[in-house]
Amino acid sequence: MKITNARVIVCSPGRNFVTLKLETDEGLTGIGDATLNGRELSVAAYLTEHVIPCLIGRDAHQIEDIWQYLYKGAYWRRGPVTMTAIAAVDTALWDIKAKAAGLPLYQLLGGKSRTGVMVYGHANGSDIEHTVDEVLRYADAGYKAIRAQSGVPGLEKVYGVGKGTLFYEPADADLPSEHDWSTEKYLRHTPKLFERIREKLGFEHHLLHDVHHRLTPIEAGRLGKSLEPFNLFWMEDATPAENQDAFRLIRQHTTTPLAVGEIFNSIWDCKELIENQLIDYVRATVVHAGGITHLRRIADLASLYQVRTGCHGATDLSPVCMGAALHFDLWVPNFGIQEYMRHTEETDAVFPHAYTFDQGMLYPGDVPGHGVEIDEALAAKYPYKRAYLPVNRLQHDGTLWNW
Ligand SMILES: O=C(O)C(=O)C[C@H](O)[C@H](O)CO
Ligand SMILES: [Mg+2]
């Protein structure tokens, strides 16, 4: 089965998405997500200018060979742009292979390991009481796991807290908006947030929290320790992870489980974290970590060390990524949890999908492939709009910090 045509579709139904569509001489098509938030057109150009010319005429069944061809063949390895482009090709090829077999993708990976995929939703509030109300609302909606982020007194804009509560979108401006940050204020506030949530919610639900790369390792150790009485499912991205060894210090100070990896793009970003058991959950997902083919390799390494998966699932990962991730989640033996941030109705209409939500679980559905399509005519009605992620500055002196 030969690849006869490939094109990149860029659209903005509420936010930007980049999608790769592959066509074959047998009439089967497959799609893959290629969205890299705030840097979308770099992947679109990489695909159009450098990848697509190499795909035409290749056998769509040779997923592994095409992956190696694009990875080794570029000479320049890894990096978010390259790995997102490879992921899009890989996802589209798995979609085609599963459609050719007439099977849902999870069957090709090895079949179901569980009945459904436990997800966590995002409860965001401007202050503690508002966040508690949101957490309770998610619990009422059936969620078994809830991430809680709250505004911090004295800080104007905080990661995870937007204008509305249902659809949080950080890529919000034509040039990067500026946030302010104070580690001291955040560290004073956050344990109080979780104390109050547990008071109102009890201990039946899983609670998660995203630090979004803002602390030093010793500060992260301090936060993790102060959150121990509230039994978090995980503390995410406590410190930037370029230096994998930094997590050793956090580990020495707290038993709060650690999750990291939404910005990882290859197994090399997490090899030491996993092998040294410095983390509990790896957050790499299909679109930014080289597709199903590479994510599977990361998960297999992780399984040797009892590290579980917790795929990234914010709104900038399109329904195509979500569909593929859910098939992966249903199969992967060392599954932990899946992030689920709802897309807007406009996005859902452009990407009709087979996956469904019920009582805190997602189900990928049983249609052949990964179960997500793109309505190209509708997509064309939403042209690309430049949108950047924010930057963060220290409140007291304006130093650029991690956002
Ligand atoms: O969902 C999360 O955990 C995030 O941290 C979301 C990220 O800020 C977002 O995906 C950046 O593009
Ligand atoms: Mg995160």
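In the predicted model, strand β15 (residues 391-394) and strand β16 run antiparallel and are joined by two bridges. Arg-393 has Leu-400 of β16 as its bridge partner. These strands belong to an open sheet of three strands with mixed pairing, ordered β6-β15-β16. The edges of this sheet are formed by β6 (178-181) and β16 (400-401), each of which pairs on one side only.

Asp-210 lies in strand β7 (residues 206-210), whereas Glu-262 lies in the loop between β9 (258-260) and α9 (271-275); the two are 52 residues apart, and the pair links distant parts of the chain. Asp-210 is buried, at 2% relative accessibility, and Glu-262 is also buried, with a relative accessible area of 11%.

The structure contains 20 salt bridges. One of them pairs Lys-99 with Glu-373, with 3.0 Å between the closest N and O atoms. Lys-99 is buried, with a relative accessible area of 17%, while Glu-373 is partly exposed, at 32%.

A further salt bridge connects Arg-196 and Glu-129, whose closest N and O atoms are 2.7 Å apart. Arg-196 is located in helix α6 (residues 183-201) and Glu-129 in helix α5 (residues 128-140), so the contact ties together parts that are 67 residues apart in sequence. Both residues are partly exposed, Arg-196 at 23% relative accessibility and Glu-129 at 37%.

Within helix α9, Glu-275 and Lys-271 are four residues apart, about one turn of the helix, and form a salt bridge with closest N and O atoms 3.2 Å apart. Glu-275 is partly exposed, with a relative accessible area of 31%, as is Lys-271, with 29%. Salt bridges also link Arg-7, Lys-21, Glu-23 and Glu-376 in a network.

The structure holds zero disulfides. For Cys-270, the closest cysteine sulfur is that of Cys-311, which at 12 Å is too far for a bond. For Cys-311, the closest cysteine sulfur belongs to Cys-321, and the separation of 7.6 Å is likewise too far for a bond. Cys-270 is buried, with a relative accessible area of 0%, and Cys-311 is buried at 0% relative accessibility.

Note on methods:
Residues are numbered from 1 along each chain as its sequence is written. Chains are lettered from A and ligands numbered from 1 in the order in which they are written. This is a predicted model: local features need pLDDT of at least 70, side-chain atom pairs count only at pLDDT 80 or more; totals for chains, interfaces and linings use all residues. Side-chain values use heavy atoms; hydrogens and water are left out. Two strands pair if DSSP finds at least two bridges between them. A disulfide is a pair of cysteine sulfur atoms within 2.5 Å. Buried means under 20% relative accessible area, exposed over 50%, partly exposed in between (1.4 Å probe, protein chains only). A salt bridge is a side-chain nitrogen of Lys or Arg within 4 Å of a carboxyl oxygen of Asp or Glu.
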